[in-house]
Amino acid sequence: MIATIEKDEAIKKRIGEIVADRGGNRTKLADEMEISPAYLASVINSPDKNVTSKLLKAFASIDVNINWLVTGVGEMYINTELLLSWKNKAVESETVILSLEKKLDRLTFLVGHLDGLLISNLEMQDNDGQE
């Protein structure tokens with residue numbers, strides 16, 4: 001079953017704005033979104049046709065800001081450059097974290113090794129003192 005959003009003429013109006021912004025060709029837009037032109041036209045033109053999650057996903061696939069589409073708040077399109085920047089920063093952060101984890105593992109090993117040497121040294125001193 002496909003989830004639906006209540007009929008909302010404002011959403012349909014914003015869909016019309018997207019069509020106009022992308023050149024006014026519904027067929028080309030529908031092809032770009034991988035939905036049928038008839039389905040897109042029926043959503044825009046039919047007062048009884050609900051906006052479905054399928055349609056929202058199709059708009060999201062072309063970087064339409066779904067919050068804007070549903071509420072009218074924000075920008076028409078998602079700032080993909082900003083999202084890519086955030087993704088790159090996340091990857092860089094993950095790389096730094098992995099590097100730090102490797103260094104921590106190495107330090108833990110060295111501390112354990114030094115601790116073992118210290119204990120051995122103390123035991124040798126105790127043995128020398130008992131003789």
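**Note on the fold and selected contacts**

1. The chain comprises six helices and two strands, where helices (H or I, at least four residues) and strands (E, at least two) are DSSP runs numbered from the N terminus. Along the sequence, these elements follow the pattern β-α-α-α-β-α-α-α.

2. This is a predicted model, in which local features need pLDDT of at least 70 and side-chain atom pairs count only at pLDDT 80 or more, whereas totals for chains, interfaces and linings use all residues. Residues are numbered from 1 along each chain as its sequence is written, and side-chain values use heavy atoms, with hydrogens and water left out.

3. Of the 131 residues in the chain, 20% are buried (under 20% relative accessible area, 1.4 Å probe, protein chains only). Among contacts (heavy atoms within 4.5 Å) with a separation of 6 or more, 52% are between residues 24 or more positions apart.

4. Helix 1 (residues 9-21) packs against helix 3 (residues 37-45) at an angle of about 130 degrees, with the axes 9 Å apart. Helix 1 is therefore oblique to helix 3; angles under 35 degrees count as roughly parallel, over 145 as roughly antiparallel, 65 to 115 as roughly perpendicular and the rest as oblique. Axes are lines fitted to C-alpha atoms over the stretch in contact, and angles run from 0 to 180 degrees between N-to-C directions.

5. In this packing, Lys12, Ile15 and Val19 of helix 1 meet Leu40, Val43 and Ile44 of helix 3.

6. Lys54 lies over the face of Tyr39, 5.1 Å from the ring centre (the criterion being NZ of Lys or CZ of Arg within 6 Å of the ring centre and within 35 degrees of the ring normal).

Methods. Buried means under 20% relative accessible area, exposed over 50%, partly exposed in between (1.4 Å probe, protein chains only).
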